[in-house]
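Hi everyone, thanks for making time. I'd like to walk you through one structure today, so please have it open in your viewer while I talk.

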2 protein chains.
Amino acid sequence: MSEVKGYAATSELSGLAPFQFQRRAPRPDDVSIEIEYCGVCHTDIHFAANDWGRTNYPVVPGHEIIGRVTAVGNDVNQFTVGQRVGVGCMVDSCRQCASCDQGLEQYCREGMTPTYNGVDRHDGERTFGGYSDSIVVSERFVVSVPDALDPATAAPILCAGITTYSPLKHFGVGKGHKVGVIGMGGLGHMGVKFARALGAEVTLFTRSQSKEAEARKQGADHVIISTDPEQMAAATERFDFLLDTIPVPHDLNPYLQTLAVNGAHILVGLIEPIDPTVHSRNLIGKRRILTGSLIGGMPETQEVLDFCAEHGIECDIEMLDIRNINEAYERMKKGDVKYRFVIDMKTLNNA
Amino acid sequence: MSEVKGYAATSELSGLAPFQFQRRAPRPDDVSIEIEYCGVCHTDIHFAANDWGRTNYPVVPGHEIIGRVTAVGNDVNQFTVGQRVGVGCMVDSCRQCASCDQGLEQYCREGMTPTYNGVDRHDGERTFGGYSDSIVVSERFVVSVPDALDPATAAPILCAGITTYSPLKHFGVGKGHKVGVIGMGGLGHMGVKFARALGAEVTLFTRSQSKEAEARKQGADHVIISTDPEQMAAATERFDFLLDTIPVPHDLNPYLQTLAVNGAHILVGLIEPIDPTVHSRNLIGKRRILTGSLIGGMPETQEVLDFCAEHGIECDIEMLDIRNINEAYERMKKGDVKYRFVIDMKTLNNA
């Protein structure tokens with residue numbers, strides 16, 4: 001066991017504060033990592049505040065982790081000490097089901113082990129995330145970070161990036177396709193970059209005229225103001241794919257109507273607490289698809305990092321001192337960040 | 001113009017009664033058809049009673065039409081007098097959009113012209129359906145009925161058949177797949193037959209234990225009683241496809257949970273008036289698809305007739321004297337028909 005320094009929420013109202021805890025002694029297949037950067041995901045806020053009613057306190061959030069290998073177990077083959085690596089939303093799975101066999105560990109039949117607020121399958125201990133100075137993770141759930149990537153801007157690729165990349169790849173987005181990205185936050189701005197890099201014509205749907213210039217800067221060819229019924233009507237049957245990054249209740253039906261025959265509306269943000277009501281005629285009448293996608297498997301998480309290195313894609317970030325994490329959460333709730341906070345973990349030393 | 005004998009509803013409360021009306025003089029691309037048989041679809045009941053608020057009275061229902069060619073226009077190439085032919089749910093479309101170009105006339109950008117309760121695109125006259133002794137239809141929307149098919153049992157293939165066949169083909173159902181068919185009425189029993197003929201392992205979901213023996217007779221390998229939570233739970237993540245033929249409000253979520261990763265829940269019955277609420281986690285958590293499908297295009301309507309001839313598939317029908325049509329509607333509302341009424345149009349002579 002080793003003593004670890006981090007930040008945790010200890011109750012629904014506590015906010016985040018410095019927290020000392022134990023990490024397990026490394027097992028033979030484990031990689032020990034000194035954390036350099038950790039992205040801040042909306043999910044972290046929900047777990048810290050127990051918005052979904054399933055938080056076990058104390059919780060150490062963080063699942064967009066970049067760091068350096070400090071030690072490897074005897075069975076580790078792919079990683080060496082000093083190498084830069086990443087850890088995303090999961091740290092284990094059953095490794096035996098059909099999904100795991102296909103490298104789709106996120107859809108593990110028994111459920112993946114989340115990077116935080118989970119329970120280790122082997123020792124029954126709780127998992128703690130990346131708002132900390134180090135982590136120990138089984139080799140299968142560690143990815144290599146290409147040298148060409150800036151380690152800080154790469155951190156959000158581990159969640160915001162893979163979550164938007166995976167469905168675009170799975171559903172075959174490419175040249176000649178018209179893709180609509182709904183919402184431009186951490187996920188949405190990455191979705192715009194990926195869709196464009198894959199060769200598609202990209203339109204951003206946003207409620208706010210003020211985001212138009214920014215959307216074009218990110219690579220959007222067109223912008224539709226989703227609150228303008230005329231703009232929405234003019235887009236009827238235009239798109240092959242919609243990548244819907246909005247994690248709060250919204251009416252899907254006006255968006256569905258902008259899909260062409262055989263078009264697919266892909267949800268990547270869990271819509272809670274209110275689920276969408278879908279007019280069946282909007283699906284049946286044009287053979288449209290409503291679907292969803294959850295992060296990505298480990299092979300694809302490696303793939304997206306390599307893709308980003310090859311195409312020069314990085315997440316737009318604002319660097320954060322961990323001592324300001326509670327203020328950062330408040331700003332994120334107001335959408336006041338372009339587009340992801342990334343914690344510089346060296347600041348833990350001052351905490 | 002020619003005088004036609006049929007049955008129509010003239011108001012919401014009238015029921016159906018004998019009705020004389022005019023058909024257009026044939027145009028050069030028209031096929032004139034003497035109707036031998038017409039299937040009775042649930043949609044007919046809804047239009048006769050104006051359940052959907054879009055009936056223009058008088059309405060002559062009927063879109064599962066089988067008959068003999070009595071005349072062809074000068075531009076007709078594929079049909080000759082005396083040939084047995086079929087007409088389904090549509091009699092025209094724009095013929096110019098991307099969907100029409102692909103033989104997906106049912107998804108026509110401008111909307112297909114329905115066989116009844118529609119408006120002819122050329123002369124602006126109303127369309128009247130197959131509860132009548134004859135019909136005039138443009139060649140493109142007429143299909144050939146193979147000699148091997150019994151003309152009466154073939155009639156429902158024009159709607160119940162193509163509606164279930166098309167999505168199974170489009171989504172690639174075949175050997176090695178597990179298909180669940182939800183509901184066993186006119187559509188459901190055809191879905192079971194097609195899924196089996198395509199090589200899939202077929203399970204029927206039904207609320208009623210009493211349908212189990214019948215489902216197995218139709219070709220189902222397994223039966224799940226959908227009102228039994230234990231049976232539903234035991235089927236978690238089992239199916240690759242669900243063909244959902246239930247046209248009334250029902251909770252989709254328990255069915256979605258029986259889909260494996262990447263599985264597709266296909267709606268073929270418009271769910272009205274209440275639309276389904278979908279828990280987004282049931283889609284996102286396993287990358288499942290909720291979709292829908294509307295009848296089929298003209299090339300595929302010909303294909304399904306040929307497929308039925310090749311595989312000896314026919315609809316289970318009860319032959320109906322048109323004078324008993326109102327009684328038949330009452331029985332259909334109670335689900336009391338195995339599985340489709342087909343009107344013997346010779347009985348019009350006695351009406």
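Predicted model: local features only at pLDDT ≥ 70, side-chain atom pairs only at ≥ 80, totals over all residues.

Helix 4 covers residues 160-170 of chain A and helix 5 covers residues 186-197, and the two pack at an angle of about 45 degrees, their axes being 8 Å apart. That angle makes helix 4 of chain A oblique to helix 5 of chain A. If you want to see who touches whom, helix 4 of chain A brings A160(A), G161(A), T163(A), T164(A), Y165(A) and L168(A).

From helix 4 of chain B, the contact uses G161(B), I162(B), Y165(B), S166(B) and K169(B). From helix 10 of chain B come E300(B), T301(B), E303(B), V304(B) and F307(B). The classes here, for helix 4 against helix 10 of chain B, are four nonpolar, three polar and three charged.

The other pair is helix 1 (residues 42-49) and helix 11 (residues 325-333) of chain B, at an angle of about 115 degrees and again with axes 10 Å apart. Helix 1 and helix 11 of chain B are therefore roughly perpendicular to each other, and helix 1 passes helix 11 in a left-handed crossing. Here H42(B), D44(B), I45(B) and A48(B) of helix 1 meet Y329(B), M332(B) and K333(B) of helix 11 in chain B. That contact of helix 1 with helix 11 in chain B splits into four nonpolar residues, one polar and two charged.

Let's look at some backbone details next. Y57(A) and P58(A) are joined by a cis peptide bond, with omega about -5 degrees. P58(A) sits in the loop between helix 1 (42-48) and strand 4 (65-72) of chain A. In chain B, a cis peptide bond joins Y57(B) and P58(B), with omega also about -5 degrees, and P58(B) is in the loop between helix 1 and strand 4 of chain B.

P58(A) also turns up among the contacts of F19(A), a residue of strand 2 (residues 16-23) of chain A. Beyond its neighbours within four places in sequence, F19(A) touches V4(A), K5(A), G6(A), Y7(A), A8(A), P58(A) and V60(A).

Finally, how do the two chains go together? Chain A can be laid on chain B with an RMSD of 0.0 Å, using a turn of 180 degrees and a shift of 0.0 Å along the axis. The two copies are thus related as by a two-fold rotation axis. Which residue of chain A comes closest to that axis? It is T277(A), with its C-alpha at 2.2 Å.

The contact takes 36 residues from chain A and 36 residues from chain B. Because 100% of the interface residues of chain A are also interface residues in chain B, the copies meet through the same surface. Between them the chains bury about 3,200 Å², 57% of it on carbon and sulfur atoms. Y107(A), I284(A) and R287(A) supply 24% of the area that chain A buries against chain B, more than any other three residues.

One last stop is R287(A), in the loop between helix 9 (280-284) and strand 15 (289-292) of chain A. Phi of R287(A) is near 50 degrees, a positive value in a residue other than glycine.

How values were computed: Residues numbered from 1 in each chain as written. Chains lettered and ligands numbered in written order. Heavy atoms only, no water. Axes fitted to C-alpha atoms, helices over the stretch in contact; angles between N-to-C directions. Helix = DSSP H or I, 4+ residues; strand = E, 2+ residues; numbered from the N terminus. Parallel < 35°, antiparallel > 145°, perpendicular 65-115°, else oblique. Left-handed = near helix turned anticlockwise from the far one by under 90°. Contact = heavy atoms within 4.5 Å. Nonpolar A, V, L, I, M, F, W, Y, C, P; charged D, E, K, R; others polar. Least-squares fit on C-alpha atoms with pLDDT ≥ 70 in both. Buried area = accessible area lost by both parts, 1.4 Å probe.
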